[in-house]
Amino acid sequence: MLHLTPDPENAPTMTWERLLSRRRYPEQPQLHVVTDAPPVRGAFVQDYDRVVFSSAFRRLQRKTQVMPLPETDFVHTRLTHSLETACVGRSLGRLGGRLLLEETAGLAQQHPHLDSDFGDIVAAACLAHDIGNPPFGHSGEDAISTYFRSPAAEPFVRVLNATQRADLQQFEGNAAGFRVLTHTYAAHSSGSAGLGLTYATLGAFSKYPRPSVVEEAGLTRGTSEKKYGYFQTEAVRFQDVAQELGLLPKPPGAQGGGFYHRHPLAFLVEAADDICYRIIDFEDGLKLGLIPCELGLQLLRDMLADTPGRPRSVEWRDWREELGYLRARLINRLVQQTARLFADRADDLLRGRSDEPLVRQLDCWDQLQQVHQLTMDHLYRSRPVLEIEAAGFEVLAGLLDAFLHATFDPHGSPRSRKLLQLLPAQFRADGHQQGATAYEQIILLTDYIGGLTDQNALSLFRTIHGIDLPKGF
């Protein structure tokens, strides 16, 4: 049994008391009458609901998961992937929390609802984990990064400092997501809360608690360092979140550098995403006919250790139904094993002594890699995906270039004026946002273009380049 005993070397540690902070970012005034009755929905359930009702989440229904611009109704979008990841994340959180309650002396007295809190926090963070992704999936991130590294963008980025340039030239959907969750546009209101989520959910959401540029000496090559988690526009906000939660700084003893160890629940958010995209993207590839059917089914059977002579209670007449059954059983098994790993490593996570993805420590990791490789070879690199992703590079680069030239046109040409009039007010550096720096103006444009759906980005590109004209009223 685990015990809540201090580290013998008095090394710093994170505590669940702070990590489960129900305070909202930033502290908001009460807009309702306070009563003595207990809330019907807990703070972390409210976080989940706030994400569901946000416009940024709704737009995920028309953003790419794997197959861009899908024409079939069973292929996953970012929306369905996020919903499924949240379901898996809730189970991981509750199971992991229940194991900790059962095996850690004194924890139940301090945090009697730890398992439900874990489940609700992880579910909310999972639901939001892709909320900042641009059109055309991860290829969209590459397209934005490539544009800002190109000669065409040099006039706009040369005035920026190194970290600001890195924010753009290594564009990251996770950082854009943190901005969506914590930023309110001046043209919308005088508030500054974004979705007003709890600090605990923001911490669990932040899989990469570091800026785009860090000192090489502080790197440990852990999973939480392979990307970055916030733009410089949100540096102060992230620092606030880290301090409220008591995240441990990197390297040890460093203060104010903006580089931290993960919130332990971020490992469960990562695991839920890993499980879903590895298994369910594979399922999409099979249903699309891009991955050989019998090969894929047999691999899943092998992962479940189903022997050829194993008696069955059901005779499958449609391989797609068997596929759904195998997928459900496999995800359940992976959830059980991953929750166990989390509970076993919780103390190391609290002390910042472990920074490896939980799924990589599973016994079936090699088989999961086989599944992923098949998906890479047959789905991610299939001709339809590659063709549309290649077109996405042209679309996003074309939109960025057009609107950047319009924004920084010193003479205000007629074309620039027309383009700026097409920009919604919250993305223009005028009115309530006068005095914005060049970097802030560029971030506003990436907010706009990154927030478009695949279809809207394509339609806008074709319209402003005269390829298509909008239909009449």
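Student: Which ring does the charged end of Arg 262 sit over?

Tutor: A charge counts as sitting over a ring if NZ of Lys or CZ of Arg is within 6 Å of the ring centre and within 35 degrees of the ring normal. Here the charged end of Arg 262 lies over the ring of Tyr 208, 5.7 Å from its centre. Arg 90 has its charged end over the ring of Tyr 48, at 5.4 Å from the centre.

Student: Before we go on, how should I read the model and its numbering?

Tutor: This is a predicted model, where local features need pLDDT of at least 70 and side-chain atom pairs count only at pLDDT 80 or more, while totals for chains, interfaces and linings use all residues. Residues are numbered from 1 along each chain as its sequence is written, and side-chain values use heavy atoms, with hydrogens and water left out.

Student: How many helices and strands does the protein chain have?

Tutor: Helices (H or I, at least four residues) and strands (E, at least two) are DSSP runs, numbered from the N terminus. The protein chain has 20 helices and two strands.

Student: Is Ser 82 buried or exposed?

Tutor: Buried means under 20% relative accessible area, exposed means over 50%, and partly exposed is in between (1.4 Å probe, protein chains only). Ser 82, found in helix H4 (residues 78-103), has a relative accessible area of 0%, so it is buried. Arg 221 sits in the loop between helix H11 (199-205) and helix H12 (235-245), and it is exposed, at 64%. Over the protein chain, buried residues make up 53% of the 473 residues.

Student: What does Ser 82 touch?

Tutor: Contact means heavy atoms within 4.5 Å. Not counting residues up to four places away in sequence, Ser 82 touches Phe 57, Leu 60, Cys 126, Leu 127, His 129 and Asp 130.

Student: Which residues touch the most other members of the largest nonpolar core?

Tutor: A nonpolar core is a set of buried Ala, Val, Leu, Ile, Met, Phe, Trp, Tyr and Cys residues joined through side-chain atoms within 4.5 Å. The largest one here has 85 residues, and Trp 16, Leu 100, Leu 265 and Phe 342 touch the most other members. Helix H15 (residues 319-350) gives the most to this core, with 13 residues. A second, separate core has 40 residues, including Phe 171 and Leu 445.

Student: How many aromatic pairs are there in the whole structure?

Tutor: A pair of aromatic rings is described by the distance of the centres and the angle of the planes. Rings of Phe, Tyr and Trp (its six-membered ring) pair if their centres lie within 6.5 Å; planes under 30 degrees apart count as stacked, over 60 as edge-to-face and the rest as tilted. The whole structure has 14 such pairs. One of them joins Trp 16 and Phe 118, a tilted pair at 4.8 Å centre to centre with 55 degrees between the planes. Trp 16 lies in helix H1 (residues 16-19) and Phe 118 in helix H6, so the pair ties together parts that are 102 residues apart in sequence. Both Trp 16 and Phe 118 are buried.

Student: How many residues of helix H10 are buried?

Tutor: In helix H10 (residues 173-182), nine of the 10 residues are buried, so this helix is mostly covered.
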